[in-house]
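Biologist: Before we discuss the packing in this model, please display the sequence together with the coordinates.

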Amino acid sequence: MKALLLREIKSFFGSPIGYLVIAIFLILNGVSLWVIEGEYNILNSGFADLAPFFTLAPWILILLIPAVTMRSFSDEKKQGTLELLFTRPLTTWEIVNGKFFGALALIVLALLPTLIYVYVVSYLGNPPDNIDMGSTIGSYFGLLFLVAGYTAIGVFASTLSDNQIVAFIIAVFVCFVLYFGFQELALYSGDFSNAVASVGMDYHFRSISRGVIDTRDIIYFTSIAFFFLSLTVYKLKSLRG
């Protein structure tokens, strides 16, 4: 699996994809948070926190991660190299995990430069260093779990078609429904609103963002990732025959 993981990472950075993903993520966040006047502008918010970043990032990633994962298996199917991949001495789970962790590593690398935001906001605070580190650290953990869920969904979507655009659209749709759909559905669910909202990713992301790592939130995101990776394995086994 290690060889496949390294191959995935090298393929990202052996082409413009890896650099483009990181650049787009940082530029979109940077411009929205520090340049454009609006509700996400940190300088105009009046508070020394990164709440605007953690509100905006999931929506950017909902488009960016499917763009990374759409080629995971769809490209292998289109190029006819999936059968060659099956001949390697790897289990189906090892193949899936190699693709999953390769894409996950790229997104984590895109997130790392945003840590400078913590320093900048802390420095600009009045008084300095009055940023809520508990909430900030919790939000970063939540973002990592959210990224893992998005990535697992994207990898699964890439097995459903040999057309990368189709895989991208499917992944964006599923991520959107799981992140935002249940939150909206809860508004019309009456007494069951909390139960319905708890099915969505946004509910658990906001829970972790409060700075308290609840095992229920960890189990939720772990289950989402495991569920979609299991679907990926099942789909590949059906293709493998």
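This is a predicted model: local features need pLDDT of at least 70, side-chain atom pairs count only at pLDDT 80 or more; totals for chains, interfaces and linings use all residues.

Biologist: How do the residues of the contact of H4 with H7 divide by class?
Modeller: Nonpolar here means Ala, Val, Leu, Ile, Met, Phe, Trp, Tyr, Cys or Pro, charged means Asp, Glu, Lys or Arg, and the others, Gly among them, are polar. The division for H4 with H7 is six nonpolar, one polar and no charged.

Biologist: What is the orientation of H4 and H7 to each other?
Modeller: The axes of H4 and H7 are 10 Å apart and the packing angle is about 140°. Such axes are lines fitted to C-alpha atoms over the stretch in contact, with angles from 0 to 180 degrees between N-to-C directions. Angles under 35 degrees count as roughly parallel, over 145 as roughly antiparallel, 65 to 115 as roughly perpendicular and the rest as oblique. The orientation of H4 to H7 is therefore oblique.

Biologist: How far apart are the axes of H9 and H13?
Modeller: Helix H9 (residues 133-157) packs with helix H13 (residues 215-240) at an angle of about 15°, which means that H9 is roughly parallel to H13. Among the contacting residues are Phe 145, Gly 149 and Phe 156 of H9 and Phe 221, Phe 228 and Thr 232 of H13. By class, this contact has 14 nonpolar, two polar and no charged residues. The distance between the axes of H9 and H13 is 8 Å.

Biologist: Which residues of H8 make the contact with H2?
Modeller: The axes of helix H2 (residues 16-34) and helix H8 (residues 115-124) come within 13 Å and cross at roughly 15°, so H2 is roughly parallel to H8. H2 supplies Leu 26, Asn 29, Gly 30, Leu 33 and Trp 34. From H8 come Tyr 117, Val 120, Val 121 and Leu 124.

Biologist: Which residues form a cluster with Trp 34 through ring pairs?
Modeller: The whole structure holds 17 aromatic pairs, where rings of Phe, Tyr and Trp (its six-membered ring) pair if their centres lie within 6.5 Å, with planes under 30 degrees apart stacked, over 60 edge-to-face and the rest tilted. Trp 34 is linked by ring pairs into a cluster with Phe 53, Phe 54, Tyr 117 and Tyr 140.

Biologist: What is the relative accessibility of Phe 180?
Modeller: Phe 176 and Phe 180 are four residues apart in helix H10 (residues 164-186), and therefore separated by about one helical turn. Phe 176, at 35% relative accessibility, is partly exposed, where buried means under 20% relative accessible area, exposed over 50% and partly exposed in between (1.4 Å probe, protein chains only). Phe 180 also counts as partly exposed, because its relative accessibility is 24%.

Biologist: What kind of ring pair do Tyr 220 and Phe 221 form?
Modeller: Both Tyr 220 and Phe 221 are buried. Their ring centres are 5.3 Å apart and their planes lie at 80°, so the pair is edge-to-face.

Biologist: Which helices do the buried residues of H12 pack against?
Modeller: Helix H12 (residues 201-209) is largely enclosed by the rest of the structure, because seven of its nine residues are buried. Asp 202, His 204 and Phe 205 are among them. The buried residues of H12 pack against H4, H9, H10 and H13.

Biologist: With which residues is Asn 97 in contact, leaving aside its neighbours within four places in sequence?
Modeller: Asn 97 lies in helix H7 (residues 92-111). A relative accessible area of 19% is why Asn 97 counts as buried. Beyond neighbours within four places in sequence, Asn 97 is in contact with Met 1 and Leu 229.

Notes: Residues are numbered from 1 along each chain as its sequence is written. Side-chain values use heavy atoms; hydrogens and water are left out. Helices (H or I, at least four residues) and strands (E, at least two) are DSSP runs, numbered from the N terminus. Contact means heavy atoms within 4.5 Å.
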